[in-house]
Structures are given as C-alpha cells and as structure tokens.
Amino acid sequence: MTKQITDFSLSGKQAYGRSVLLRLRSEQPLPDIAPGQFVQVRVDGSPSTYLRRPISIHDVDFQQNEITLLVQQVGEGTRHLAAVNVGDLINIVFPLGNGFTLPEKGENVLLVGGGIGIAPLYYFAKVLNEKGIRLALLLGGKSKSDLIRLTDYQQLGEAFVTTEDGSLGEKGFVTMHSVWQKQSFDKIYVCGPKPMMKAVAKMAVEKDVWCEVSLENLMACGLGACLCCVEDTVDGHVCVCKEGPVFNTRRLKW
Amino acid sequence: MVNMTIDLGRGLVLRNPVMTASGTFGYGEEYTDFVDLSQLGGIIVKGTTLHPREGNPYPRMAETASGMLNCVGLQNKGVQYFIDTIYPRIKDFDTNVLLNLSGSTLEDYVKGAEMVDALDKIPAIELNVSCPNVKQGGMAFGVTCAGISQVVSEVRKVYHKHLMVKLSPNVTNIAEIALAAEAAGADSVSLINTLMGMAIDAERRKPKLSVITGGLSGACVKPVALRMVWQVAKAVKIPVVGLGGISNATDAVEFMLAGASAIEIGTANFIDPSVSEKVAFGITDYCERYGFQKVTELIGALEC
C-alpha cells in the first residue's frame, strides 16, 4: 500500500462532548485503506504542537473520497485540531500501519472498544458487514457521554454496553459484562486504554481465544524510522507504527 | 544550471549538499513513497553498533516546544545483520548510503569499521561519538579531546574510505573537539548531534522519558547548531556537515553560509516526510535567485 501526503479539506464536523467527528475530503481518489490503519495529521497554528498527531481512521467513504476521524481533545494538539472549520485544509500522511486481521465467515467475532478506542471499530464493523461477517460489539466508557454514535454502532451488530458510573448499560468495566458468561467467541478485537486492553487480553488467554489489540503508543514519525513508539514483544522492541498498531496479543510481552 | 556537486573528499562526492540524518530516515526504505532518493546527496542510515541493542524501554519520546526529546538508545540489530539483511536491499539506491557507526568500547568501533570497510557501496562512515542515550561509550568518547582522538585514530587505521565524525554539542568548546578529530584523521565532521535535555510530567510528578534524560532535536536547536557550525568551520580545514533543526531550504542555506559544505535533515523528516527533496530543490532555487553558478560558493559566504 503506497503511503501519501495529502491535503484534505474539512467537509463536515460534528461535536460529541469533548470529542469531534471530522469528515475530510480529498480531491484525489483514496488508496486502499484497511480497517485499523491510521493517519498522521499535521496540526497547524499551535506553537506547542511540533509533531503530527496519529489518529485512527473512523470511517471511509470511497465514493466521496472522504475519511472520517473521531478526535478526542486531550491536549493542545488535539484541541487545535478540533477547532478547524469547514473548508480548512488539513495535511495528512496516510494510510499507515497494518490493520486488523479479517476473520473468516461463520466465526463468532467480538469487537471491544473502550472510550475513544471505539473509533477504529466503526470502519472495521462496516467492512465486516459488507463481507457478510456477523459481529457483536462490546463498548465501554466512564459515562454514557463516552459512547459516541452508539445508535450507528448498533446498526452494525449486536451492541453490549458498560459504563463505569452505570449511566448506560451494565455498570463496571467491559471485562465485567455478562456477555462473557453467555457467549463464546472465536476472535476478539480490542481498542481502548492500555489497562483495559491488557485485561481483555488476559481473559482471552484464559479462554484460549484468538485476540488482537490496537495500540496507541506515543509516536514521532509514524513510518518506522525513529523507533520511539516501540512495544516489547517476543521479537524484542518493535515499532507500533510500522509493525502495528494492531498486534496479536500472543506476540506481546503483557 | 547551477552546479550542485559537493566533494567532501576521499571519494565522497554528493550530487547536492542534502543528506538525511541518522535515526530520522530509517534505512531510506521507509521514505521511498515520499522522496526520490536520487534527488538527495546521500542518506545516513540508523546508528549501528557491532552487537545488537534493544535500546531503552518505552517511553522514548517527549514533544517539546518546537522540538522533541528522544532516548531511543541506539536500538539496532548489529553490524552483521546490517551486512547480511539490510545492505543487500539498499546498496543500489541511486544516492550515497552512509552508515552511522556507534559503539560501547574502542574495540567495538574498530571491529565495526573494519567490517563496514569491506562494503563496496558504502562510501563513508559517520562515526557516532555523540549519542547521549547510551550508558557506556557513545557520547563518552565525544566529549573530550583525548577520547575523540583515541577513537578516531584507531578507526582511521582500519577504515580506508571517507570518515565523517559526528560531534556532540554537549561540550564546553566544540571547536577544540573538532580540531582533535581532524588531527586524528577525520575527513569531515558533522554537527550537531542532540542536546541533552529532560521533560517532566508535573501532574504525575514523573519524568516523561524512561531513562529520564534524552536528546533534544528539531527546530528549537537550530540557533545553537548554527553557532557551533560557524565556530567549527572557522577552526578546521576539513569539510563541515551541518545539522540541527533544518526544516527548509532557507535553514539549509544559513548553515552553508555559516561554513557547512553539506547539511543533514533530521527531525523535520517526521513532520514532512518529503522535506529532504524540497530542501534540495530549494537550495538550487536560492543559487539561481542570487546568480551563484556553483553551490560551493555558498560555503562560508557569511558577510560579517
């Protein structure tokens, strides 16, 4: 897959609490984009933001040449990024990294998302739907406001929900949801905070279930050149940007 | 047509003054979607040591105002792996491929240099005596005249091609260090490596880097680098290769005016993966704009 640097223009924007959905249109046809891949966004006009920001791809519309990013405002960089206006140009390096391994038809698939980690699962679920692969979603947040676009996710598969404060779905963490007792899965895909991914990965090992996680280590280049974003694996330190961000949990020294 | 050729001596001839800095450009392969390597004077591949190194634990990077700190710690698979696996893939790139060689002991430097000397398509070593992120060796050799003199003269005995020595800015008088490298047989010096720094997370009351300190790079270090290049270029007779915060062609021209014969682009590759090629074109534009026939006319042309 050829990587490219492209100026997208912001074609749509919607706020969800402290997160914002950015629809970005390219004048060129998009290259192939696998679910789980990410982009590196240049943040203009923020003196304290020197490096690009790695953001997962939330959705792709090949007809409109559009990609959608779901950006949570966590620092100066993402705050500036969230402040862009429709028509503004946004410089993006993409598509980066390796996506999720596609499951086989007939397998029981569970996508687990925590907080803003639900973002890449939307495009993934959409692609699985297009391929006729059924899936379930287990989405968790601190509170119901973290469960962005829940009704849209529910269109793509049976969705189970947990919130830490009990404001929606079952109260607690995703690992505590009753679905784990009622159903078994062949493949589990996880994206969320590292402690949550580790907890799900641990359950997967105990149940001897295949599991992939999507990591979001701090990055500089996004291309496998600077060696800053490494994760400790059975093969030593490897770059999350180049060999990930998706890893089979058996490869990780968790 | 501006003549962009730079001859750094002992067989190292660059098609233009632009190279990419070690540790910021992988092995070149990571950037071929963005840059036509044949438009560059050279690429300097990731710092390599005789024995494999896992580097420092994560986190290894902290963003700073107009720059970044890193403490990668020379993660690499060793000289033999480079020779067996990487070299065959990159040796036919249509540009100069230089190897950045580092070590923990004098013996490691010498043995590594001997092995690299046998590689036909590597016209030069950039000897790294200035990495701030390793416990032994690395910068320790590069911060005293005696240390640099010893490592350069020993490597010189076994290495017969162009020997570039990369200098640390973490010294009191960089011109003295450069003179010591020159006297010990360096064909050129490149500077600056990263400046030692640190970053703290006040909310957690913890350092942001796993090994607490790291090397600062990016646009913020440019004035320091420019000053040091100017000081060194006045002191030595061998060519000086300037780097430190170069982000565009104007920055590159400034380094040449200060006395650099060639330049390296480092951290800027992370922000714009195609920047190196743009800088090469931009230097040509600058020469045309001011009527310079040869890019070498820029070297040390500062009027003061």
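Reader: Start with chain B. How do the axes of helix 2 and helix 3 of chain B cross?

Author: One caution: this is a predicted model. The axes of helix 2 (residues 106-117) and helix 3 of chain B come within 9 Å and cross at roughly 30 degrees. Angles under 35 degrees count as roughly parallel. Helix 2 of chain B and helix 3 of chain B are therefore roughly parallel to each other.

Reader: Is the crossing of helix 2 of chain B and helix 3 of chain B left-handed or right-handed?

Author: Helix 2 of chain B passes helix 3 of chain B in a right-handed crossing.

Reader: Which residues of helix 2 and helix 3 of chain B meet?

Author: Helix 2 of chain B brings Leu106(B), Tyr109(B), Val110(B), Ala113(B), Glu114(B) and Asp117(B). Helix 3 of chain B answers with Gln150(B), Val151(B), Glu154(B), Val155(B) and Val158(B). By class, this contact of helix 2 with helix 3 of chain B has 7 nonpolar, 1 polar and 3 charged residues.

Reader: And helix 3 with helix 4 of chain B? At what angle do their axes cross?

Author: Roughly 25 degrees, for helix 3 (residues 145-158) and helix 4 (residues 174-183) of chain B. Their axes come within 8 Å. That angle makes helix 3 of chain B roughly parallel to helix 4 of chain B. The crossing of helix 3 and helix 4 of chain B is right-handed.

Reader: Which residues make the contact of helix 3 of chain B with helix 4 of chain B?

Author: From helix 3 of chain B, Cys145(B), Ile148(B), Ser149(B) and Val152(B). From helix 4 of chain B, Glu176(B), Ile177(B), Ala180(B), Ala181(B) and Ala183(B). The residues of this contact between helix 3 and helix 4 of chain B divide into 7 nonpolar, 1 polar and 1 charged.

Reader: Now the strands of chain B. Is the barrel closed or open, and how many strands does it have?

Author: Closed, with 8 strands in chain B. They run 3-4-7-8-9-10-15-16, with parallel pairing. The twist averages 25 degrees from one strand to the next.

Reader: How many bridges pair strand 15 with strand 16 of chain B?

Author: Strand 15 (residues 240-242) and strand 16 (residues 262-265) of chain B pair over 2 bridges, in the parallel sense. Gly242(B) stands opposite Ile263(B) in strand 16 of chain B.

Reader: What does helix 8 of chain B touch on the sheet?

Author: Helix 8 (residues 275-290) of chain B touches strand 3 (18-20) and strand 16 of chain B. The direction of helix 8 makes about 170 degrees with that of strand 3 of chain B.

Reader: Over to chain A. What are its domains?

Author: Chain A is divided into domain 1 (4-96) and domain 2 (109-214). Taken over C-alpha atoms, 24 Å separate the centres of domain 1 and domain 2 of chain A. Their contact takes 12 residues from domain 1 of chain A and 11 residues from domain 2 of chain A.

Reader: Which strands supply at least two residues of the domain 1 side of that contact in chain A?

Author: Strand 5 (59-61) and strand 6 (66-72) of chain A each do. By class, the side of domain 1 of chain A that touches domain 2 of chain A has 5 nonpolar, 6 polar and 1 charged residues.

Reader: What about strand 1 of chain A? In which sense does it pair with strand 7 of chain A?

Author: Antiparallel, over 6 bridges, with strand 7 being residues 89-96 of chain A. Strand 1 of chain A also runs antiparallel to strand 2 (residues 19-25) of chain A, joined by 7 bridges. Ser9(A) has Leu89(A) as its bridge partner in strand 7 of chain A. In strand 2 of chain A, the partner of Ser9(A) is Arg25(A).

Reader: Which residue takes a positive phi in the hairpin of strand 1 and strand 2 of chain A?

Author: Gly17(A), near 60 degrees. That hairpin of chain A has 2 residues between the strands.

Reader: And the sheet of 7 strands in chain A: what is the order?

Author: 11-10-9-8-12-13-16 in chain A, an open sheet with mixed pairing. Strand 11 (170-171) and strand 16 (246-248) of chain A are the edge strands.

Reader: Last one. How many residues of chain A are in contact with chain B?

Author: 25 residues of chain A, against 28 residues of chain B. Strand 1 (4-16), strand 14 (230-233) and strand 15 (236-239) of chain A each supply at least two residues of the chain A side. By class, that side of chain A has 14 nonpolar, 7 polar and 4 charged residues.

Notes. Residues numbered from 1 in each chain as written. Chains lettered and ligands numbered in written order. Predicted model: local features only at pLDDT ≥ 70, side-chain atom pairs only at ≥ 80, totals over all residues. Contact = placed C-beta atoms within 7 Å. Helix = DSSP H or I, 4+ residues; strand = E, 2+ residues; numbered from the N terminus. Nonpolar A, V, L, I, M, F, W, Y, C, P; charged D, E, K, R; others polar. Axes fitted to C-alpha atoms, helices over the stretch in contact; angles between N-to-C directions. Parallel < 35°, antiparallel > 145°, perpendicular 65-115°, else oblique. Left-handed = near helix turned anticlockwise from the far one by under 90°. Pairing = 2+ DSSP bridges. Domains from an automatic or database assignment.
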